[in-house]
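Subject: Structure handover

Hello,

Here is the structure I promised to pass on. Please open it and keep it beside this note while you read.

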Amino acid sequence: MCASYSAPSARGRGAARLAAATLASGLVAASVLATAGPAAADGTPQSQGGATATMGGLKTYGTAVLHENGENYQLSAGLFEMSVDGGGTLQTYCVDIHNPTQRDAKYRETPWSGTSLGTNKDAGKIRWVLQNSYPQVNDLAALAAKAGVGNLTEQDAAAGTQVAIWRLSDGADVDAVDPEAEKLADYLRRSARDLPEPRASLTLDPPAVSGHPGQRLGPVTVHTGASSVTLSPPPDAATSGVRIVGKDGRPVTSATDGSQVFFEVPKDAAHAASSGAGEAQLTAQASTTVPVGRAFTSDNRSQTQILAGSSESTVAATATAAWAEKGAIPALSAAKDCAKGGVDITAVNKGDEAFSFELMGIRHSVAAGASGKVLIPLEEDQAYDFTINGPGGYGQRFAGVLDCRTRGSASGTATQTLSEPSPATVGGTASDVNLADTGGGGSTPLIAAMGLSLLVLGVTALSIVRKKKTTQD
């Protein structure tokens with residue numbers, strides 16, 4: 001976990017997270033006023049692009065002491081390491097001192113707006129700390145001279161940097177045990193200046209487009225720091241005839257930052273499906289260093305990380321296109337918004353009829369040729385997993401966890417230190433019993449499934465837990 005420290009007691013935060021997640025999966029299960037095909041319900045969640053990685057562990061660290069509620073808690077503080085899907089390595093610090101980090105948790109690059117950084121006035125200062133300390137500054141003698149300290153080891157530098165970040169990310173009263181590391185933390189916190197959020201390593205904007213067959217659907221703009229991006233056409237391009245083309249209508253297989261590409265859908269594409277509708281997906285991939293300061297989140301409630309260093313790494317993004325001859329033709333996308341406390345669903349309707357759907361018992365409608373945005377309000381730590389379906393079996397699934405605060409929704413919980421300096425595995429040894437209660441990823445499908453039976457507004461967390469127990473019985 002983050003610094004081998006756990007905020008919740010054995011039952012407190014875990015029960016609150018479970019109740020909140022069940023509430024979310026019940027209230028946010030979405031349906032549409034149209035018949036959905038099986039593929040829509042089974043589709044993978046839409047992501048915003050960038051690097052995806054697997055948590056490895058805490059690699060370079062020292063010791064710190066957290067002062068909270070009149071007690072002192074010793075914890076490990078330093079650099080984590082993650083392995084990137086497709087190749088590459090990331091070094092990160094954590095920005096959520098009270099939450100556990102799950103070993104082997106899957107992480108994805110995320111905009112600040114989808115994390116606690118989005119509402120933190122000191123987020124830019126955290127980026128300054130990252131750029132002006134270890135490992136970005138690997139000349140430890142020079143770093144020590146700037147900070148006015150003696151010799152710095154890698155462990156001291158990592159611990160001092162993490163402590164400075166915690167003071168900014170969590171407002172934590174925390175000190176490094178080593179005097180040199182503590183002096184470094186004081187220097188970094190005192191010197192930090194506000195910097196803007198770094199841009200994503202790779203995104204496709206918008207992530208979804210729609211229109212009529214016989215047209216070029218788009219444009220989709222490539223945003224990346226890579227020198228070149230490889231574009232892969234839809235897997236069934238040979239049979240569907242859908243091509244990825246540039247502004248001039250010529251097929252393209254690569255792009256650079258700012259390039260605009262289109263889905264060229266042949267006029268007879270609609271006839272290939274009995275429903276008269278279809279969809280296709282474009283995949284973009286590149287190799288680049290991920291910008292320092294990018295946030296990484298996990299849908300398994302493993303605590304949020306912020307990037308301190310990157311090797312040359314594989315990054316990817318996808319965009320989808322939907323088409324139909326007539327009726328509503330929606331393009332759907334979603335993004336977490338921590339400032340608003342929920343998930344924003346964007347629907348663009350390029351059809352000749354209104355697109356109607358229901359969310360949380362409320363019917364929404366997007367007129368032909370118009371666009372609309374719907375906020376799905378969620379509580380902190382709530383899990384969501386729903387699919388919005390359109391005509392002809394087209395649908396888009398959205399899944400995740402709203403993790404916007406450095407503390408969870410539970411209150412009055414106790415603290416507990418752990419013996420292992422590396423991220424503890426949820427549901428592991430007996431000494432990890434409290435971590436299991438903070439909400440492991442293994443229970444998420446069960447919570448989501450039971451939530452479908454709880455589509456009732458205004459229900460209390462207590463009644464949800466009781467209904468869940470009845471369902472299990």
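Leu-79 touches residues from several stretches of the chain in this predicted model. Leaving out residues up to four places away in sequence, its contacts are Gly-57, Leu-58, Lys-59, Thr-60, Gln-91, Thr-92, Tyr-93, Tyr-134, Pro-135, Ala-158 and Ala-308. Ala-308 deserves a look. It sits 229 residues from Leu-79 along the chain, yet the two C-alpha atoms are separated by 8.3 Å. Leu-79 itself belongs to strand S4, residues 71-84. Is Leu-79 buried or exposed? Its relative accessibility is 1%, and buried means under 20%, so Leu-79 counts as buried.

Next, the helices.

Helix H3 (residues 123-131) packs with helix H5 (residues 154-169). Their axes are 9 Å apart, at an angle of about 175°. The cut-off for roughly antiparallel is over 145 degrees, so H3 is roughly antiparallel to H5. Which residues meet there? From H3 come Lys-125, Ile-126, Val-129 and Leu-130. From H5 come Thr-161, Ala-164, Ile-165, Leu-168 and Ser-169. By class, the contact has six nonpolar residues, two polar and one charged.

Helix H6 covers residues 179-191. Its 13 residues should span 18 Å at 1.5 Å a residue. The buried residues of H6 are Ala-181, Glu-182, Leu-184, Ala-185, Tyr-187, Leu-188 and Ser-191. What do they pack against? Their partners are H3, H5, helix H4 (140-147) and strand S7 (174-176).

Last, the aromatic rings.

How many aromatic pairs does the structure hold? There are three. One of them joins Phe-386 and Phe-398. The ring centres are 5.8 Å apart, with 50° between the planes, and the pair is tilted. Phe-386 lies in strand S24 (residues 383-389), and Phe-398 lies in strand S25 (residues 395-401). The pair therefore ties together parts that are twelve residues apart in sequence. Phe-386 counts as buried, at 3% relative accessibility. Phe-398 is buried too, with a relative accessible area of 3%. Together with Tyr-384, Phe-386 and Phe-398 form one aromatic cluster.

Best wishes

Terms used:
Residues are numbered from 1 along each chain as its sequence is written. This is a predicted model: local features need pLDDT of at least 70, side-chain atom pairs count only at pLDDT 80 or more; totals for chains, interfaces and linings use all residues. Side-chain values use heavy atoms; hydrogens and water are left out. Rings of Phe, Tyr and Trp (its six-membered ring) pair if their centres lie within 6.5 Å; planes under 30 degrees apart count as stacked, over 60 as edge-to-face and the rest as tilted. Helices (H or I, at least four residues) and strands (E, at least two) are DSSP runs, numbered from the N terminus. Buried means under 20% relative accessible area, exposed over 50%, partly exposed in between (1.4 Å probe, protein chains only). Axes are lines fitted to C-alpha atoms, for helices over the stretch in contact, and angles run from 0 to 180 degrees between N-to-C directions. Angles under 35 degrees count as roughly parallel, over 145 as roughly antiparallel, 65 to 115 as roughly perpendicular and the rest as oblique. Contact means heavy atoms within 4.5 Å. Ala, Val, Leu, Ile, Met, Phe, Trp, Tyr, Cys and Pro count as nonpolar, Asp, Glu, Lys and Arg as charged, and the others, Gly among them, as polar. The expected span of a helix is 1.5 Å times one less than its number of residues.
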